[in-house]
Amino acid sequence: MDVTQLSSIQAAAQYVLKEEGQLDILINNAGISGVQGTHPSEQRIDEVITVYDTNVFGAIRVTQAFLPLLKAAGGAKIIMVSSGLGSLEWVSDPNHPYFKVNELGYNSSKTALNAVTIAFARQLKNQGISVNAVDPGYTATDFNGHSGYRSVA
Ligand SMILES: NC(=O)c1ccc[n+]([C@@H]2O[C@H](COP(=O)([O-])OP(=O)(O)OC[C@H]3O[C@@H](n4cnc5c(N)ncnc54)[C@H](OP(=O)(O)O)[C@@H]3O)[C@@H](O)[C@H]2O)c1
């Protein structure tokens, strides 16, 4: 599915409903970096909106659409794939390696995703659904031209 398209997400949820009737784990992994290496003052707003549409609004759309299926499972889990670059503490610390990475759209989208994670966690805790964010670390994938020092494994 395309997480920027509600109709695509709803079709996927309908498919899982028909085939399985429930969903045990939802991993919101889809993410894009947007154009990298641009000063915040020069990053185009439409690029920032594009990054948020996948990294933030996509996770919200998918979580809301699949919630009935997660509730049907009992004890389901939602995982948001965030990033250390969304940590306000780390990117504000001149001694942290991430301090030099100042990507307006991407970094702030992951900070927002962390807040989205907490919002869903607060609502769903009493319904037996855990909601957490994870950080894979700097990992060699298509995302960064395989420059990451961690392997996918
Ligand atoms: N690699 C790192 O160092 C690193 C570090 C911290 C966090 N992360 C996070 O880890 C997650 C996975 O990234 P990755 O490193 O595995 O990058 P990747 O290899 O580029 O994979 C990104 C995945 O997101 C999918 N995607 C992008 N836009 C989508 C959309 N609109 N709808 C549905 N799927 C979409 C892509 O699908 P297609 O292949 O079909 O385009 C691809 O499967 C991301 O959220 C990223 O922010 C990565």
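This is a predicted model: local features need pLDDT of at least 70, side-chain atom pairs count only at pLDDT 80 or more; totals for chains, interfaces and linings use all residues.

Student: You mentioned Ile-78. What does Ile-78 touch, leaving out residues up to four places away in sequence?

Tutor: Its contacts beyond that range include Leu-26, Thr-63, Leu-67, Leu-70, Leu-124, Ile-129 and Val-131. Asn-28, Ser-130 and Asn-132 are also among them.

Student: Now to H4. How many residues does it have, and how far does it reach?

Tutor: Helix H4 covers residues 104–124, which is 21 residues. From its first C-alpha to its last it reaches 30 Å, close to the 30 Å expected at 1.5 Å a residue.

Student: Which residues of H4 are buried?

Tutor: Among them are Gly-105, Tyr-106, Leu-113, Val-116, Phe-120 and Leu-124. Lys-110 in H4 is buried as well.

Student: And what do the buried residues of H4 pack against?

Tutor: They pack against helices H2 (45–73) and H3 (88–91), and against strands S2 (77–81) and S3 (130–134).

Student: A change of topic: how much space lies in the largest pocket?

Tutor: The largest pocket holds about 770 Å³ of space. It is lined by 28 residues, and the closest to its centre are Tyr-106, Gly-137, Thr-139, Phe-143 and Asn-144.

Student: How does that lining divide into nonpolar, polar and charged residues?

Tutor: The lining has 12 nonpolar, 13 polar and three charged residues.

Conventions: Residues are numbered from 1 along each chain as its sequence is written. Side-chain values use heavy atoms; hydrogens and water are left out. On a 1 Å grid over the protein atoms alone, a cavity is a set of points where a 1.4 Å probe fits but cannot get out, and a pocket is an open set with protein on both sides within 12 Å along at least five of seven lines; lining residues have an atom within 4 Å of a point. Grid points are joined across faces, edges and corners, and a volume is the space filled by probe spheres set on the points. Ala, Val, Leu, Ile, Met, Phe, Trp, Tyr, Cys and Pro count as nonpolar, Asp, Glu, Lys and Arg as charged, and the others, Gly among them, as polar. Helices (H or I, at least four residues) and strands (E, at least two) are DSSP runs, numbered from the N terminus. The expected span of a helix is 1.5 Å times one less than its number of residues. Buried means under 20% relative accessible area, exposed over 50%, partly exposed in between (1.4 Å probe, protein chains only). Contact means heavy atoms within 4.5 Å.
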